[in-house]
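Good morning, colleagues. I should like to take you through one model, element by element. Please keep the sequence and the structure in view as I speak.

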Amino acid sequence: MDTSIWRPIIYLVCFMAFAGLNAAYLGWCERKGAGRIQRRTGPMEVGFHGLLQPLADGLKLMTKQLLVPEGVDQILFRIAPILAMIPALTSMVVIPFSDNIQGRAVELSVLMLFALASIGMIAILIGGWASANKYAVISAARAVSQNLAYEIPMLLTVITIVMITGSMNLQDIAMDQQGGFWHWNIFRFDKSIFMPVSFLIFFICSVAETNRAPFDMAEAESELIAGFMTEYGSMGFGLFMMGEYLNIVVGACLTTILFLGGWSCPFGLFPGVWWFLIKIYILIFTFIWVRWTYPRTQVYKLLNLSWKILIPFSMVNLLVTAAFIKVF
Amino acid sequence: MTVPIQCRPDEVFVLNLGPQHPATHGVLRVKLTMDGEYIVKAEPVLGYIHRMHEKMAEAGSFAQFMPNTARMDYLHALAYNHGYVLAVERAAGIEVPERAEYIRVITVELNRLSSHLLWWAAFLLDLGGFTPLLYAFDDRERILDLLERITGSRLTYCYFRFGGVYNDIDDEFIAGTRDFIKRLRSRLPRMYHDLVTHNIILIKRLKDIGFITPEQCRKYGATGPVARGSGINYDVRKNEPYSVYPEFDFDVPVYTECDSMARYMVRMDEIEQSLRIIEQALDKLPDGPVKAKKVPKILKPAAGDYYAAVEAARGAFGCRLVCDGGKSAYRLKLRSPTFSNLSLFGEVAEGMLLADALAFMGSLDLVIPEIDR
Amino acid sequence: MSAYWNDVFGGAKSLAIGLSITAREFFKPVITMQYPWEVPEIPERYRGHIELVKNEKTGKPKCICCGMCMRSCPSGCISLVGKKPEGEKKKVLTKYELDFTKCSLCGSCIESCNFGAIRFSKDYNLASTRKEDYVFDLLKRLEEQG
Amino acid sequence: MSIVEETRKALLQLFPEQAAAEAEAEAAADAEAAAGAEADTDATAEDTASTEEAGEAAGGEETAAEPAAPAKEEEPAEEGPRENGVLVTDHAARGTHLDVLCDPEQVVEAAGIMDEAGFFLEAITGVDWIKEDRMEVIYDYNQTGPDPCRVVVRTFIPRANPEIPTISEIHPGANWHERETHDFFGIKFQGHPYLEPLLLPEDADFHPLLKDFTP
């Protein structure tokens, strides 16, 4: 049987289901997590412990009218939410969940992921600009400057990894870290002594890239109402939200693959997709945990952090890695 | 950090912050002329919740105005109760029994605590931190429960009466208050200071933001924590003592940094001072009646004008009562502290970033119904 | 330069402390109440809207229709009518209405009443979309209470 | 010298007549005291210095003497029209320390004196005395020193033409207070930079705190 047709279709269905489920239920997880941190219960009414809440929310959003205010750019206004969702979904294709679960093995998958991530930023820009709302425009401008600032340290740390592995294929990077946790890039002190710092930088950058608190300058509900989402209602808003959660999933996957050994077991036993899932959900929980702990930063403080701390640190790490690889 | 503003007239735009905006805590509208994210000019527009309380005071008897006082500064309602009651008592020459004075001080300080806790929570919300809000509400809820037990209401208290208080406090209230003091003391360092005050993000957002010089404070008549954050040691409770405040040993926290962080710290320190006052008041609480005996049902103070000031959570609240010998106030002027505190917003916010201006606004601790009255 | 390193390390430490606090709270029990399923205890002095008090002996309201409550109310939300039935000395209450839309629950009426004929109720579940629902006929309410 | 005395002296600049009368009385009292107690001291030296020293010397005595004085002074003030001047009031009874009555033109000067003395403006308010057909404008001043001193400056303006100069240039905080007073009483503050309704709607042409206002 020729698997070349079926394989993509099966994967497409599975990945779509995975992505959709995550997008819907991460909202529930976030609300539950926030509730626990704040010593509340979170959603409780719809279904057992509010498990059907995402369905109810989805139903509500879908049955609402998609309001397109007067004076907005008709086409761009409608495109933006879709554009926020699609790249995040597409990113799923190249992520290796396990040594044999991967939508499509792309040789330059790291580059592809970052290219797609930038489109997400453009969606925010378009959405904010097309809304013809001053808050939305400010938000769009903030999102762009923030994303530009954070892609640099992020890419610098990725270059470090690529130098260590010698490949831009996520599958290769993950394979390279098989075995116990001492093989993971985060603890590879033989390549560079600053790898944990590098991991931290990458994690901070992925929080910033996904516009999550404390870097949610673009959304900033106490300053900009809801930023680029101000004028969106119904599923337009829903797609933005889903896109945000998917971006978190992608960010967690990427962090796991680049630093935490992908699907490998910390003790070198039974590697498999479950380890991968455990790792990404721990990371996602950290995203939620961080969001509900800190106040929001401010645009200039954020850029200062990027340019004055993260970029120099990742530069140093890059040089140290290069030196280590050359020497040893 | 100072960033020069480059502004060509054709590049500015007007941003209406409010009247419905999450950061304005009610219905304040600020007309901002912006150059990008920098504010060129800020003009607060008031009056969205103006109810003309001062006219209402002229319409009814003195006692009938009592419930209105709680509806101005709904977060520190008892201070407004207190200010009004003091003014009328001064006009009618009513002596208040000592126990009633102590109960007044205890409840006012409890109310001040709840006001400061709510400010803290809402301020963190302005800065994007959600969780502290719930932690502060946990504590605040206990104050509300305590006050509800004795006053009967949770927010807009109408507890004070001319010559005393509505009814007496009981042992359960005293025990509950002592428990609460213990609880808040144990929670302050960790849940408030470690989680938030020492947080680098918060420090970076508040330090050196929103400078108010002492001279500006004076020129605009700013009082309360805003003035104390600018190094002005002024607290009506100390400088012009009323009620039984001279009996208590407490400090007035003053910070000279003049920035938002200083105002934040003043309020955080005031929480501790209020706890001290309540503790001492509970220790010294005398026995006796809680209401003066011969208070006529219909008050007819002698003609003339009378002034009474109290320290509300947001600054000096003044009550100017003009009487013409009738049974209602001829004119009642309510001097609300935030009205003056907000009036310097326009001058200070010039040249600020939008995000900083909102943090600065939060540090002023605005209660809009109090400004508009 | 030392300020820079202070910021980096001190800042990182403060952030870690913050995370440790919220993590600890995460595992502590919930302190809220699931409201419609659990109902808080209402304190004795709770101020709901006012209601009439019954004279235990006669079963009639204690009110003697002096109208003090009506006069003391700051917003004029009480209206009462008393009639003198033939052959009796005292007035009998025939109508006692409270316009709750104006009431601010200050308790002036209760304080002004020298006969203890009105008190605060414990009702707080009041919701309606119609204004007329908030004109309470307290006499009827008293009868319903039995 | 206490802050109340100092401020009182500063405010007396507004009222040369009262100042002169007081200086005279003080000089007389001083001379009497000097004559009584130290008859052999050089009286001429005392006299020449009196213009400067009278107030200071009086400061100590007056704090004791004044609380009694307003009781005498105030009673007639309620009945007959009060003279312009500075009055020391009993804080326990009134809540203020100094009570100044001046002409409408003098409020700016008074504001300047208060500003120099380090006072801040607490509030401005009007009172509509409809029976006397005039309006009162009250300025509350306060200061943040360790000793309390509240000063109230009041002035009367005709009800038909309520105009008074603005003090918003001296106390920027007065800007809003004056706008508010204009809202409520229709008092026009001449020279005010932006006398638009503050608390009332933009198009409000009524003044609710006037006694003859009917909604």
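Helix α1 of chain C, residues 2-26, has 25 residues, which at 1.5 Å a residue should span 36 Å, and its end C-alpha atoms are 35 Å apart, so the two values agree. The expected span here is 1.5 Å times one less than the number of residues. Helices are DSSP runs of H or I with at least four residues, strands are runs of E with at least two, and both are numbered from the N terminus. The buried residues of α1(C) are Ser14(C), Gly18(C) and Thr22(C). By buried I mean that 20 or more other C-beta atoms lie within 10 Å of the residue's own; exposed means 12 or fewer, partly exposed lies in between, and the C-beta atoms are placed from the backbone.

A word on conventions. This is a predicted model, in which local features need pLDDT of at least 70 and side-chain atom pairs count only at pLDDT 80 or more, while totals for chains, interfaces and linings use all residues. Residues are numbered from 1 along each chain as its sequence is written, and chains are lettered from A and ligands numbered from 1 in the order in which they are written.

Let us remain with chain C. Its strands β2, β3 and β5 form an open sheet in that order, with antiparallel pairing. Two strands count as paired if DSSP finds at least two bridges between them. At the edges stand β2 (78-83) and β5 (135-137) of chain C, each pairing on one side only. On average, neighbouring strands of this sheet are turned by 15° against each other, direction ignored. Between β2(C) and β3(C), residues 92-99, there are six bridges in the antiparallel sense, and Lys83(C) has Val92(C) as its bridge partner in β3(C). Helix α4 of chain C, residues 138-145, lies across β3 and β5 of chain C and runs at about 50° to β5(C). For such angles, axes are lines fitted to C-alpha atoms, for helices over the stretch in contact, and the values run from 0 to 180 degrees between N-to-C directions. Contact means that the C-beta atoms of two residues, placed from the backbone, lie within 7 Å.

I turn to chain B. Strand β1 (residues 13-17) of chain B pairs with β2(B) in the antiparallel sense over five bridges, and Val14(B) stands opposite Thr33(B). On its other pairing, β2(B) is joined by seven bridges to the antiparallel strand β3 (residues 38-45) of chain B, where Arg29(B) stands opposite Val45(B). β2(B) and β3(B) form a hairpin with two residues between them, and Gly36(B) in the turn has a positive phi of about 65°. Which residues make up the covered face of strand β2 of chain B? They are Val30(B), Leu32(B) and Met34(B), whereas Arg29(B), Lys31(B), Thr33(B) and Asp35(B) form the uncovered face.

Further along chain B, an open sheet of three strands has the order β6-β7-β8, again antiparallel. β6 (304-312) and β8 (331-335) of chain B are its edges, each with a single partner strand, so one side of each is left without a neighbour in the sheet. The twist averages 10° from one strand to the next. Nine bridges link β6(B) with β7(B), residues 315-323, and Tyr307(B) stands opposite Arg320(B). Helix α3 of chain B, residues 77-92, lies across β6 and β7 of chain B at about 150° to β6(B).

Most residues other than glycine have a negative phi. Ser234(A), however, has a positive phi of about 50°; Ser234(A) is in helix α9 (residues 234-259) of chain A and, with 16 C-beta neighbours inside 10 Å, counts as partly exposed. Cys258(B) has a positive phi of about 70°, in the loop between α10 (236-239) and α11 (260-284) of chain B. With 21 C-beta neighbours inside 10 Å, Cys258(B) counts as buried.

Finally, confidence. The predictor gives the complex an ipTM of 0.82 and a pTM of 0.86. Within chain D, helix α4 (residues 68-79) is lowest, at a mean of 41, and strand β4 (residues 134-142) is highest, at 88. Over residues 43-79 of chain D the pLDDT is below 50, and this stretch has 28 contacts in the model beyond near neighbours in sequence. Where pLDDT is low, the predicted coordinates should not be read in detail.

Definitions and conventions:
pLDDT is the predictor's confidence in each residue, from 0 to 100.
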